[in-house]
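Here is a short report on one protein chain. Keep the sequence and the 3D view open while you read.

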Amino acid sequence: MKKKIFRYFVGVIGIAVAVTTVLLVWLSYSMFENRVIDDLRAQGRMLGRLIEESGEEQALALQQEEMRITLIRADGTVAYDSVADAQSMENHAKRPEIMEAFETGEGSDIRDSRTLQSSTFYYALRLRDGDVLRLAQEASSIWSVYMKAAPLIVLLLLILVGLCALLANALIVHMIRPIEQMTAHLDNMSGVTRYPELEPFMNMIQKQHEEILRSANMRVEFTANVSHELKTPLTSISGYAELIENGMAEGEQAKAFAGEIHKSANRLLTLINDIIRLSQMDGPMPELVFEPVDLAPIAAATLDQLKLNAQQMGVTLELDAKSAVVSADRQMMEELLYNLCDNAIRYNVRGGSVRVEVRPVRDKVIVCVQDTGIGISRENQEHVFERFYRVDKSRSKATGGTGLGLAIVKHIAAKHHARISLKSELGRGTRIDVTFERLPRG
């Protein structure tokens, strides 16, 4: 990254210096051209006045060696030239500066030599008698100036590029330092140099780092919890099976041990299924199929499915469901209602009840599951949606609870942008509300 930025900076600086140098030489030469034409104009006007006042012969006798003087008649023929034989010279009527002088009173032109080593500057002035006085002066062309100045230009260019490269390197080091400091001190960025422009980037990196650490800690904790949870039923199955294998249990006792093995195996299967489902939700899930789903018949089907469990626990089920359509994944809605109702039955008391309500309220749909069970203390309420968290661990093991039901509910609600609220009191039961956006009719 440093090398790439450095090359980019040096390239931009080199181009900028080269272009600036060329423009400065061109501007200087343009000023030189204007100066030469101005000098020719001043001398031409002075010589023109002398010709008009004193005559051609006296005025032309004052010519200067470095300047060529030509006198052209109105028809374009050359009457006098200080350098060449006027009689042998071609007609000058079509020369740019002569044509301009005939039309406007004065004209100028610059013509390069064939070798591009020099340029000839021309200035023409129309006299009162209709003749045109032309002055010419030769000077180095712009290409000649460039060629002569090339070594100096290259030297200056190299010096400037070298200095700029040093400055660019210092600037890059200064710019990159906060990022290097940040990578070395992701856990504590208090001593990292901060620029306002990098603040959003640094905040994002720090947030992502914290999320990665949190996720890693959760995975470690999750793995430890899974190992512990799986160990309990497996130990039970292994112990009872060993007793039966060694002939230490016969008859009714063997039958009871087999029942315990079956019970532990079922709990193990439930636990594994819940773990697999949570892992699926944590990973990249296939795209959810959102469709209009009426939650009322799903709530009725869920209670019908759990009727036998409720009878075994001595719990009565009540349903008050009105048609309420939401945009959701049907399978996930079935999971959500099943886990809420199953938890309400498991953590209830004999003779207790579970009431399920589904009702539309303006632009919302509220799913309410209320039980008359053991309740949750205030300090435990904020943890009940965590994985493997149980309010009453002994009761969970007795009823086959995995501690993952409400964690699954939380995941499903998050996928559907639903809001969960919980109200509970020890010994008086628990109420959980899940609020969805209602699907508009029509």
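E357 is buried, with a relative accessible area of 17%. Salt bridges that share partners link E357 with E318, D320, K322, R355 and R359 in one network. This is a predicted model, and every value below is computed from it.

Two of the bridges run through E357 itself. The side chains of R355 and E357 meet at 2.8 Å, N to O. The side chains of E357 and R359 meet at 2.5 Å, N to O. How exposed are the two arginines? R355 counts as partly exposed, at 29% relative accessibility. R359 is also partly exposed, with a relative accessible area of 24%. E357 counts as buried because its 17% falls under the 20% cut-off.

A search of the whole structure finds 21 salt bridges. Another of these joins the side chains of R68 and D81, at 3.0 Å from N to O. R68 belongs to strand β1 (residues 68-72) and D81 to strand β2 (residues 78-81), so this pair ties together parts that are 13 residues apart in sequence. R68 is partly exposed, at 25% relative accessible area. D81 is buried, at 7% relative accessibility.

| Salt bridge | Distance, N to O |
|---|---|
| R68 and D81 | 3.0 Å |
| R355 and E357 | 2.8 Å |
| E357 and R359 | 2.5 Å |

### The chain as a whole

Now step back to the whole chain. Its secondary structure comes to 12 helices and 12 strands. The chain has 442 residues, and 36% of them are buried. How much of the contact count comes from residues 24 or more positions apart? Among contacts with a separation of 6 or more, such residues account for 62%. The accessible surface comes to about 26,300 Å². Carbon and sulfur atoms hold 57% of that surface.

### A nonpolar patch

Which residues form a nonpolar patch on the surface? They are L152, L155, L156, I159, L160, L163 and L166. Together they have about 670 Å² of accessible area. One of them, L160, is found in helix α4, which spans residues 142-184. L160 is partly exposed, with a relative accessible area of 38%. That value passes the patch cut-off, because a patch residue needs over 30% relative accessible area.

### Rings and charge

How many aromatic pairs does the structure hold? The count comes to 0. The charged end of R111 sits over the ring of Y122, 4.0 Å from the ring centre.

Strand β9 covers residues 353-361, and S353 is found in it. Is S353 buried or exposed? S353 counts as buried, at 17% relative accessibility. Leaving out residues up to four places away in sequence, S353 touches V315, T316, E318, N348, Q370, D371 and T372. One of these partners, E318, also belongs to the salt-bridge network around E357.

R362 lies in the loop between β9 and β10 (364-371). R362 has a positive phi of about 55°, although it is not a glycine. R362 is exposed, with a relative accessible area of 70%.

Which other residue has a positive phi near 55°? H417 does, and it too is a residue other than glycine. H417 lies in the loop between α12 (405-415) and β11 (419-425). H417 is exposed, at 71% relative accessible area.

Q311 is found in helix α8, residues 307-313. Q311 counts as exposed, at 54% relative accessibility. That label holds because exposed means over 50%. How far apart are Q311 and R350? In sequence they are 39 residues apart. In space they are 9.6 Å apart, C-alpha to C-alpha.

### Where to look

Begin in the 3D view with the network of E318, D320, K322, R355, E357 and R359. Go on to R362, in the loop between β9 and β10. Finish at the patch that includes L160 in helix α4.

Methods
Residues are numbered from 1 along each chain as its sequence is written. This is a predicted model: local features need pLDDT of at least 70, side-chain atom pairs count only at pLDDT 80 or more; totals for chains, interfaces and linings use all residues. Side-chain values use heavy atoms; hydrogens and water are left out. Helices (H or I, at least four residues) and strands (E, at least two) are DSSP runs, numbered from the N terminus. Buried means under 20% relative accessible area, exposed over 50%, partly exposed in between (1.4 Å probe, protein chains only). Contact means heavy atoms within 4.5 Å. Accessible areas come from the Shrake-Rupley method with a 1.4 Å probe; for residues, only the protein chains shown count as cover. Patches are made of residues with over 30% relative accessible area and no salt bridge: like charges are joined within 9 Å, nonpolar side chains (Val, Leu, Ile, Met, Phe, Trp, Tyr) within 5 Å. A salt bridge is a side-chain nitrogen of Lys or Arg within 4 Å of a carboxyl oxygen of Asp or Glu. Rings of Phe, Tyr and Trp (its six-membered ring) pair if their centres lie within 6.5 Å; planes under 30 degrees apart count as stacked, over 60 as edge-to-face and the rest as tilted. A charge sits over a ring if NZ of Lys or CZ of Arg is within 6 Å of the ring centre and within 35 degrees of the ring normal.
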